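Here's a quick briefing for anyone meeting this protein for the first time. Have a look at the sequence and the model, then read on.

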Amino acid sequence: MVKSVMVAYALWAGGGLFGLHHLYLGRDSHALLWMLTLGGFGIGWIREFIRIPTYVGEANQDAETEKKTSSNMLTPPVNPVRVAGQVCVGIYFGTAALIGLSSLNFFYMIVLPLCVGAGVHLVSTVGQQTSDLQKTLTASLITSPIFYGSTLSPLPISLAASVAATQHRKYKKTPATGSTQELGPRLCRLGLAWLAFSAPLAYCVFHNTTATLYYVSDCVAALLDIFWFLPWLRSVVEYILLMPYRFMCVLTGGGYYEEAWKKMLEILLKDYTEREKEALKILSMGEQASLEEITRGFRELAKTWHPDHNPSKDAEATFVKIHEAYEVLLRRHKPGRFR
């Protein structure tokens with residue numbers, strides 16, 4: 001069936017972030033990639049405005065023409081955009097694994113490199129090209145032990161896997177469109193792949209709701225602090241980061257509902273994390289203690305355990321624990337968290 005450029009553009013505009021136009025064109029790998037990254041983090045979706053006619057042309061290309069093209073060019077040319085995408089998606093898959101699967105045994109030796117390699121390989125199979133999955137995963141597995149235990153390990157692993165995937169790139173032997181297959185089985189495979197990616201991540205996020213919200217809040221605060229020397233730029237970045245929240249407030253009516261969202265966030269953050277519970281135990285405080293009570297208790301313990309006033313061998317170590325515990329609780333009660 002001949003594919004239409006107008007239909008592809010309509011699907012791109014209405015559901016392009018979820019890869020509907022790629023699904024229509026039979027580009028299942030590209031559709032899955034867009035489902036997992038929301039249109040290549042939005043950047044790839046915008047870029048496709050000028051790429052859709054090419055995609056439609058490839059989808060309408062007959063098998064004979066494709067066979068001639070493949071025989072004339074045994075190795076596809078290196079595409080910097082594809083290589084950059086391989087690295088970024090590899091890091092993205094690795095970060096998702098760190099969030100949702102880091103508690104598994106042999107995580108840094110096996111699980112993490114396999115997840116990063118899978119992300120790199122997914123990008124390498126987009127369109128009419130593919131790569132050697134075995135060599136890509138091997139490069140990931142060899143690189144992983146070198147950076148064992150590091151939270152930054154997805155970067156070098158992704159770079160190594162991307163180099164391997166680029167060196168062993170090739171054209172697909174069969175038409176890349178996949179349009180001759182039934183839609184049902186294709187959707188089933190894509191759904192299972194999406195579920196395999198999102199289920200562990202979603203479980204971890206919802207199982208540790210409070211810790212996740214604190215982590216996101218601290219990351220946003222750290223990002224904004226980078227622009228302290230340019231207040232106007234900080235305001236712009238803050239506005240952009242809060243756009244999803246503002247958009248939700250508009251959909252729900254703003255005003256009253258905005259206050260409701262703030263109250264809901266406060267309720268979610270009311271429960272103490274395990275680290276905060278440990279900090280309260282160190283300071284001998286209950287969960288209902290106010291910031292003033294926590295500060296008062298900290299000062300009393302600091303005076304008691306200060307190395308200058310306490311000759312005990314454990315005084316310095318205990319003093320450090322007390323100070324760290326106070327810092328943890330101070331961040332929880334930091335003003336402006338819900339603004």
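Is Gln 129 buried or exposed, going by its relative accessibility? Gln 129 counts as buried, at 12% relative accessibility; buried means under 20% relative accessible area, exposed means over 50%, and partly exposed is in between (1.4 Å probe, protein chains only). Keep in mind that this is a predicted model, where local features need pLDDT of at least 70, side-chain atom pairs count only at pLDDT 80 or more, and totals for chains, interfaces and linings use all residues. Residues are numbered from 1 along each chain as its sequence is written, and side-chain values use heavy atoms, with hydrogens and water left out.

**The whole protein**

- You'll find 18 helices and 2 strands here; these are DSSP runs numbered from the N terminus, with helices (H or I) of at least four residues and strands (E) of at least two.
- Of the 339 residues in the protein, 35% are buried.
- The accessible surface is about 20600 Å², and carbon and sulfur atoms hold 66% of it (Shrake-Rupley method, 1.4 Å probe; for residues, only the protein chains shown count as cover).
- Among contacts with a separation of 6 or more, 67% are between residues 24 or more positions apart, where contact means heavy atoms within 4.5 Å.

- Gln 129 sits in strand S1, which covers residues 129–130.
- Setting aside neighbours within four places in sequence, Gln 129 has contacts that include Pro 76, Pro 77, Arg 82 and Ser 124, along with Arg 169, Lys 170, Tyr 171 and Lys 172.
- Gly 19 belongs to the loop between helix H1 (5–15) and helix H2 (20–24), and Gly 19 is buried with a relative accessible area of 0%.
- Gly 19 and Trp 45 are 26 residues apart in sequence, and their C-alpha atoms are 8.7 Å apart in space.
- Leu 291 is part of helix H17 (residues 291–305), and Leu 291 is partly exposed, at 26% relative accessible area.
- From Leu 291 to Leu 330 you go 39 residues in sequence but 7.5 Å in space, C-alpha to C-alpha.

**Where H8 meets H10**

- Helix H8 (residues 107–124) and helix H10 (residues 154–167) have axes that come within 9 Å and cross at roughly 45°; axes are lines fitted to C-alpha atoms, for helices over the stretch in contact, and angles run from 0 to 180 degrees between N-to-C directions.
- That angle makes H8 oblique to H10 (under 35 degrees is roughly parallel, over 145 roughly antiparallel, 65 to 115 roughly perpendicular, and the rest oblique).
- From H8, Leu 112, Pro 113, Val 116, Val 120 and Ser 124 meet Pro 154, Ile 157, Ser 158, Ala 161, Ser 162 and Ala 165 of H10.
- Sorted by class, that contact has 8 nonpolar, 3 polar and no charged residues (nonpolar: Ala, Val, Leu, Ile, Met, Phe, Trp, Tyr, Cys and Pro; charged: Asp, Glu, Lys and Arg; polar: the others, Gly among them).

**Where H16 meets H18**

- The axes of helix H16 (residues 274–282) and helix H18 (residues 315–332) come within 9 Å, crossing at roughly 130°, and H16 and H18 are therefore oblique to each other.
- H16 brings Arg 275, Glu 276, Ala 279, Leu 280 and Ile 282 to the contact, while H18 brings Lys 321, Ile 322, Ala 325, Val 328, Leu 329, Arg 331 and Arg 332.
- The contact of H16 with H18 has 7 nonpolar, no polar and 5 charged residues.
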